[in-house]
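I opened my notebook to look into one protein chain. I wanted to see what sits inside and what pairs up.

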Amino acid sequence: MFSLLFTSLLLRANDVPLTGLWRMKDFSKGVGVHLGIHLPKGSRLGFMPVTVPTTERAALLKAGEILDPYVGTNALDTLWTEEKEWWFVKEFTLDATHKGKTIDLIFEGIVYKGEVWLNGKALGAMEGMFNPFAFPVSSDLNYGGKNVIAVRLEAPKDAVQRNLSFGYQYDLTPERPQLHAISQSLYCWDWAPHMVVTGIWRPVKLRVTNFLRVDQPWVRTTLRPEGGARLDVQVETTNLSAQTAESTLVGNIRPKNFKGDPVRVEKHFSVAAKGSTTSHFTIDLKDVRLWWPNGMGDQNLYTFDVKVMSSMGISDQASTSFGIRELKIIPNENTDEFLKAMKESIAKPVALTNDLIAVQSQGKVVGAYPWTFQVNGRKMFAKGSNWVPIDQMLRLDRARYDHLLTLAKDAHFNLLRVWGGGLFETEDFYELCDEKGILNWFEFLSSSDFSKLDRDIFTRASRATLRRIRNHPSLTYYCGGNEFDPDASGIKDLIDRLGRVVQEEDPDREFHRASPYMGDDHFWGVWHRFAPYTDYRRVRPFRSEAGLNAMPVVENYRKFTPPDKLWPMDKHWLEFRGSYQVNFSHMPKQDRYANEFGPSSSIDQYIRHSQLAQALANSFNIEFCRSKKFQNSGVLIWQFNDAYPCASWSMVDWYGTPKSGYYASRRASRPVHVAADFETYLWKPEQTFRTELSLLNDLDQAQQNLKVESTLLSVQGRVLDHQEVVADIAANTSRAVLTHRWAIPMDFEGRTFLLAVRLKDASGRMISDLHYPMAVRTTTPVVPTSEQAKDRGFNKFRHFENALDELQKLPIVSPTLTAETMPGRPSVFRVTLSNPGSALLFDARLRLEGEDEVLTATYSDNYVSLLPGESRTIIVKVAPKRSEPLKPVILKVQAWNGLASLKLQFR
């Protein structure tokens, strides 16, 4: 029978890893045991070698047994795997010196349920994707000889409940109750198909100790007002023997990523036979290096090494890392406006209002949680995104995590919301967040009926996870889940239970019952209700979810789209790869925003239109929220990454390639920036255009003598109006500094003009810039298609159709490119893009030939626009995908109105 496992996932010197080579095969359910597969000498005929951790589809793909489920409709051809039982078998030898030790077989994570045997002996059952399991096996191992682990796994029974329409699969998880402690998005979400995988998705190992064991090393930190910090350290010691044991705990606290002297602690005590005791240490440190979020300071980390000793020497030892930081969530400066709107909304009988998401998602509670993050005594405006699993087949390699989280760090992000329908994330995720200063919040659940969820399995998983992750300084707080009423019948008892688990296991961190709830906002008027992105002009204490869908870059879209589906756009295909439901709501929305820039003649043009719409929306949303700092205290764009190649709200597609919206969000999140606020981007002739420009400063130092320039340009490049101001901005604040007004001439009907804003320091160095196209309405009515005419949302905003199509008539510009390698870094280039023309160079995209095929590249900026005479320096880092040396490569620039190329030589 398995024993509950809470903390044996720690790094231990004597652990024996059992990852790597296993063998896998499928059978009809119930056949494997009948054939004796669980026995040491059971047949292995037809078993294929696999590398654990893995899932059945990932292993089959790697072996060439199935076509890539991420291409075309191949995912449908893999649904059979969910009807099988899957056997995983591992043979290994264990050194005879381990005899006499206490050994457990540890499974950190399986999907979803099954049984395990060791050398033919049944150890027990396992159920729950997020539940770790430990089986005592000291007396069942062959020491110095061969051992055989056999694991039988299967998907939940309801995995086979699927719907097919028009030859495609449509099956959206929120429409079904959550029955199992499993990632809900595996059943399908609106950015991933139904793909309920089966396998061993996290490491397997033998935990080897003597009769004394250490568990739960837990370090809690408190900053002292007079300086320094107090560490409250807790360690649990268990005595597995039948006699009382005299024990000594020895701990060392030492710097992990900087130089410094270690601090040693020691405690002597007795542990009763078959008993356990918890040891507490209080350590005062005078000279400490604090852990800070990205952009606020360094990410200093410490290590706590602990060993328990008996008269026979070291019995067990473990190590964990932590950071010294104080995180509080304090009230916003003013919530009166939000609370007034919330009271009015809840008083209305309608389910949806124009201001708030469904009343049931807000919870029938008027009020607001504290939403302002305060780290080490300093307020922090939260900038970031929502995080979903990085791969639908659970190929969770550290390199992919590192790439994505590096992009988040480079975008000046400091917070990720780990969405509740995905994973209880891995150690790689949390370790990299610690190293890069990316705060995260943890969610348990997402938008379903939880009345049939096995509460005990889920509670054990939640408790074990909290104990696993609570030392990470990047972890902020816990949230019950996504988009449900946490006070509703059938849900309240579960959320109450999770709140108690948090209080028992990690009382220093807050528990929020749901999101949105008590002040945070999931605003979907933009996209789902066809509204223009200026509808983001709503002040909320915290905007935790909002976004606009965009196609992936065209090179990647071609990788998974059949040639006959590329162009013209196929409605059923886009629904399959964009919303995974049969209501066909995705393509009208995609068209509504892409078509603001006029009709598209190719898939390349359609994707550029789609991505520009997302870029403008993301940046405006971030800038507006930042301009209301700390009345609004954070904005998280939905979503950062993808689990599967598709058309989605992601900033970075599944292939790891940032969209235009990523770079726009990155620019909008710069520590010192200028924001433009305007009530619309579709004006009327003879109306007065008005924009308010605000300085944004996230630094802890005031900024003086900043020059703000606001220029209005015609599409032809003519300056229509220009205003500028020199202003200061205090530390960690925002303030309006310039209101730019311009009377729109009557002859601008149906035309486009551009708002270009520049922020420069006292020396004239460019700090930030932004570009927003503006349209002037035409009196010619827009005639919707028959499909559009059915949609009230489209009809409400149909005057935006083709409103910005004059951007397709921008004068052609011939940009220039120069490049030089960085000193000592032969594959890092300083590229200068210049606009020698007389018109704006608009939305210029840089890309290397062969990118993602033979090499990878990262850009310090991309999709840039340049005024006449301007230049921009962009750092391009190139790395080979194979071990071969890099060959010269062509760097191409493609703007809406200009092309250029340059050969890069590696030295």
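My entries below cover cores, a helix pair and salt bridges.

**Entry 1: the model**
I noted at the start that this is a predicted model.

**Entry 2: the nonpolar cores**
I looked up the largest nonpolar core. It has 239 residues. Which residues have the most contacts inside this core? They are Phe 444 and Phe 753. Helix H14 gives the most to this core, with eleven residues. I also found a second, separate core of 33 residues. Val 16, Val 52, Leu 60 and Val 151 are included in that second core. I wrote down a general point: in soluble globular proteins, nonpolar side chains tend to be buried together.

**Entry 3: around Phe 444**
I listed what Phe 444 touches, leaving out residues up to four places away in sequence. Among its contacts are Phe 424, Phe 458 and Phe 511. Leu 466, Leu 498 and Val 502 are also on the list.

**Entry 4: H13 and H14**
I went back to H14, which covers residues 603-627. I paired it with H13, residues 586-594. Their axes come within 8 Å. At what angle do the axes cross? They cross at roughly 85°. Angles of 65 to 115 degrees count as roughly perpendicular, so H13 and H14 are roughly perpendicular to each other. On the H13 side I found Gln 590, Asp 591, Tyr 593 and Ala 594. They meet Tyr 606, His 609, Ser 610 and Ala 613 in H14. The residues of this contact divide into four nonpolar, three polar and one charged.

**Entry 5: salt bridges**
How many salt bridges does the structure hold? I have 64.

- Asp 215 and Arg 207 meet in a salt bridge at 3.3 Å, N to O. Asp 215 and Arg 207 are both buried.
- Asp 535 pairs with Arg 538, with the closest N and O atoms 3.4 Å apart. Arg 538 has a relative accessible area of 12% and is therefore buried.
- Glu 709 and Lys 707 meet at 3.3 Å, N to O. Is each one buried or partly exposed? Glu 709 is buried, at 11% relative accessible area. Lys 707 is partly exposed, at 28%.

Methods: Residues are numbered from 1 along each chain as its sequence is written. This is a predicted model: local features need pLDDT of at least 70, side-chain atom pairs count only at pLDDT 80 or more; totals for chains, interfaces and linings use all residues. Side-chain values use heavy atoms; hydrogens and water are left out. Axes are lines fitted to C-alpha atoms, for helices over the stretch in contact, and angles run from 0 to 180 degrees between N-to-C directions. Helices (H or I, at least four residues) and strands (E, at least two) are DSSP runs, numbered from the N terminus. Angles under 35 degrees count as roughly parallel, over 145 as roughly antiparallel, 65 to 115 as roughly perpendicular and the rest as oblique. Contact means heavy atoms within 4.5 Å. Ala, Val, Leu, Ile, Met, Phe, Trp, Tyr, Cys and Pro count as nonpolar, Asp, Glu, Lys and Arg as charged, and the others, Gly among them, as polar. A salt bridge is a side-chain nitrogen of Lys or Arg within 4 Å of a carboxyl oxygen of Asp or Glu. Buried means under 20% relative accessible area, exposed over 50%, partly exposed in between (1.4 Å probe, protein chains only). A nonpolar core is a set of buried Ala, Val, Leu, Ile, Met, Phe, Trp, Tyr and Cys residues joined through side-chain atoms within 4.5 Å.
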